[in-house]
Amino acid sequence: RGVYAFAGWKIGDRVYDADTEIKYEISVLNENGRVTIGTDTQSAITSDTTYTLTAQWETIPMTGVTASGVTKVYDGNMSDTITVSGIPTGATVSYGTTEGTYDLSACPTYKDAGVHTVYYKVSADGYTDYTGSADITINPRPVTLNWSSTDLTYTGSEQEVTAEVSNKASDTDSFTITYNNNKKTAAGEYTATVTGLGNDNYTLTGAIGVTQNWGISYLDADAT
């Protein structure tokens with residue numbers, strides 16, 4: 001019977017293990033499936049007594065199932081799906097975003113940076129359900145920063161240098177950039193540093209242009 005495992009013979013309300021409890025000295029009495037048990041190791045069944053035996057079947061464990069996740073850098077697009085392999089023919093796979101809940105027929109996908117765990121359940125006739133999980137990991141995108149003019153002329157008022165992200169994955173992505181040492185009034189040489197981006201899909205780790213030298217100089221009197 002398919003891929004079910006034979007669990008034993010059911011007589012009345014009890015299932016007997018065919019290998020250890022019932023020996024095979026049986027004879028079919030009629031077409032209705034009634035048989036005589038010739039020898040039995042359990043006192044619950046006596047020899048030369050007629051019983052109705054019903055074959056009992058049980059599901060078998062599902063083996064060989066694996067799942068591979070996804071790892072990518074944020075690019076503004078939805079991720080690929082996890083891949084579940086080694087499933088039996090005719091099996092169905094359902095998904096969920098919470099362990100123990102498999103209410104999605106299609107694997108979820110994600111756009112934003114983070115580790116997103118996808119839970120799955122494989123179901124097939126004759127098998128015990130197989131459950132597992134795999135991660136969709138989207139790493140933040142290292143930024144490339146371009147700075148405004150860094151050679152400023154003294155005006156007596158506070159001046160600043162700013163940076164912008166030149167490698168945005170999407171035109172709709174926005175930033176709230178924070179700095180250290182990017183505003184000054186007095187003439188001098190300075191080093192500005194970007195300290196935050198205000199967007200979790202991007203990172204300063206591995207970024208280009210995080211620091212920038214800049215200065216304020218006095219206007220040369222001869223230039224007037």
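## Rings and a buried asparagine

Trp214 is buried, with a relative accessible area of 2%; buried here means under 20% relative accessible area, exposed over 50%, and partly exposed in between (1.4 Å probe, protein chains only). Keep in mind that this is a predicted model, where local features need pLDDT of at least 70, side-chain atom pairs count only at pLDDT 80 or more, and totals for chains, interfaces and linings use all residues. Numbering runs from 1 along each chain as its sequence is written, and side-chain values use heavy atoms, with hydrogens and water left out.

On confidence, the chain averages a pLDDT (the predictor's confidence in each residue, from 0 to 100) of 84, and 73% of the residues score at least 70. Residues 21-47 stay under 50.

As for the fold, the chain has zero helices and 21 strands. Both kinds of element are DSSP runs, numbered from the N terminus: helices are H or I with at least four residues, strands E with at least two. Of the 224 residues, 31% are buried.

Now the rings. Rings of Phe, Tyr and Trp (its six-membered ring) pair if their centres lie within 6.5 Å; planes under 30 degrees apart count as stacked, over 60 as edge-to-face and the rest as tilted. That rule gives five aromatic pairs, including these:

| Pair | Centre to centre | Angle between planes | Kind |
|---|---|---|---|
| Tyr74 and Tyr202 | 5.5 Å | 70° | edge-to-face |
| Tyr190 and Trp214 | 5.1 Å | 40° | tilted |

Tyr74 sits in the loop between strand E8 (70-73) and strand E9 (83-85), while Tyr202 belongs to strand E20 (residues 202-208), so their pair ties together parts 128 residues apart in sequence. Both of these tyrosines are buried, and ring pairs link Tyr74, Phe175 and Tyr202 into a cluster. In the other pair, Tyr190 is in strand E19 (residues 188-196) and Trp214 in strand E21 (residues 211-217), so parts 24 residues apart in sequence are tied together. Tyr190 is buried too, with a relative accessible area of 15%.

Trp214 also turns up around Asn182: leaving aside neighbours within four places in sequence, Asn182 is in contact (heavy atoms within 4.5 Å) with Gln159, Glu160, Val161, Ala192 and Trp214. Asn182 is in the loop between strand E17 (178-180) and strand E18 (183-184), and counts as buried because its relative accessibility is 7%. A polar atom of the Asn182 side chain lies 2.9 Å from the backbone oxygen of Val161.

Conventions. Polar contact = N/O pair within 3.5 Å; in protein donor to acceptor, adjacent residues only side chain to side chain.
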